[in-house]
Amino acid sequence: MFNLEKMAPILFLIMWSSGAIFVKMGLADASVWSFLTLRATGAFVVITLIVFAWREQQMSVFANMSKAIMGKLLLSGLLLQVCYQGCYFLSIHFQLSPGLIAMVLGLQPLLTPFCAKEHISSRGYFALILGFTGLILAVYGAKDVSHITVFGVMFGIGALLAITVGSIYQKKIHAQPIASALIQNALASIIFLAISLSVGWKVNWSAQFILSATWMIVVISTGAILLLLFMLNKDSASSVSVLFYLVPVLTIVLDYLVFGASITVTTVFGACMVISSIHLFRKSNILLKTENID
């Protein structure tokens with residue numbers, strides 16, 4: 001029988017790690033704001049269709065949705081769907097190397113326990129440091145740290161802060177993932193559309209762009225986001241954030257499979273460190289929870 005709680009991390013990582021490749025592809029044929037508008041609006045439409053098709057759950061999706069929860073979801077959406085996505089796209093637009101973006105965002109698992117005020121054991125902190133070290137080795141081995149820009153770094157840090165604070169805040173909201181995604185994408189659609197109309201619309205409807213936009217809408221902004229919200233409902237913010245260590249590693253693998261990029265021994269060694277750190281961290285978290293119960 002399919003167990004979503006166990007499979008969610010694996011499915012999320014496979015989906016999310018493909019994002020950087022398709023963002024880069026899409027930005028070759030569209031402006032940042034036009035691409036973001038299509039991504040958010042498309043995700044809103046897809047999730048709306050899911051709600052209408054899921055007849056048995058239509059009434060429960062927004063059950064007990066108070067104005068206070070609605071306000072919190074909008075604020076969380078501003079951080080996760082607007083600030084994070086906007087800063088991430090802009091960091092790539094300003095030609096910051098994907099590897100450097102990965103290193104900046106790799107600080108999220110280290111920041112999350114402090115910002116969320118979660119109690120992590122010394123074994124857990126060791127795992128986080130091990131994972132970040134492995135991430136640096138994996139990215140450096142892939143020779144993906146060649147290009148650095150001031151604006152790229154600024155927006156990379158903005159993306160890091162937005163997803164860190166946004167994930168912690170989302171964790172505290174008691175709402176169904178599909179309701180959260182629907183409301184947050186509606187907000188993002190309005191904001192990005194307003195910006196696009198003010199700065200000018202630019203889209204070249206090439207086959208490559210259509211593929212990129214479709215992938216970002218269906219796989220990343222619908223599938224992966226719903227899985228992220230589901231995991232935040234079920235687990236601690238730290239346990240979810242540590243999974244992001246593996247995203248750049250899987251991106252490197254996809255880059256190898258799709259574009260034939262080389263993979264070095266350093267990258268493989270770093271990847272093994274990352275995988276080991278995630279296993280160690282999640283195991284230490286389980287032990288800590290058991291100790292607290294006892």
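**Pockets, a cavity and a helix crossing**

Me: Which residues lie nearest the centre of the largest pocket, and how many line it?

Reply: Ser17, Ala20, Tyr88, Pro98 and Thr251 lie nearest the centre, among 34 lining residues. A residue counts as lining if it has an atom within 4 Å of a point of the space. The model is predicted, so local features need pLDDT of at least 70 and side-chain atom pairs count only at pLDDT 80 or more, while totals for chains, interfaces and linings use all residues. Residues are numbered from 1 along each chain as its sequence is written, and side-chain values use heavy atoms, with hydrogens and water left out.

Me: What makes a space a pocket and not a cavity?

Reply: On a 1 Å grid over the protein atoms alone, a pocket is an open set with protein on both sides within 12 Å along at least five of seven lines. In a cavity, a 1.4 Å probe fits but cannot get out. The largest pocket holds about 660 Å³. By the cavity rule, there is one cavity of 30 Å³ or more. The largest cavity holds about 40 Å³.

Me: Which residues line the largest cavity, and what is their make-up by class?

Reply: The lining is Trp16, Leu80, Tyr84, Gln85, Ile163, Ile225 and Leu228. Six are nonpolar, one is polar and none is charged. Ala, Val, Leu, Ile, Met, Phe, Trp, Tyr, Cys and Pro count as nonpolar; Asp, Glu, Lys and Arg as charged; the others, Gly among them, as polar. Helix α5 gives the most to this lining, with three residues.

Me: Which residues of α9 and α11 meet?

Reply: Ser167, Gln170 and Lys171 in α9 meet Leu229, Leu232, Asn233 and Lys234 in α11. Meeting here is contact, with heavy atoms within 4.5 Å. By class, this contact has two nonpolar, three polar and two charged residues.

Me: Which helix gives the most to the lining of the second largest pocket?

Reply: That is α11, with seven residues. This pocket has a volume of about 300 Å³.

Methods:
Helices (H or I, at least four residues) and strands (E, at least two) are DSSP runs, numbered from the N terminus. Grid points are joined across faces, edges and corners, and a volume is the space filled by probe spheres set on the points.
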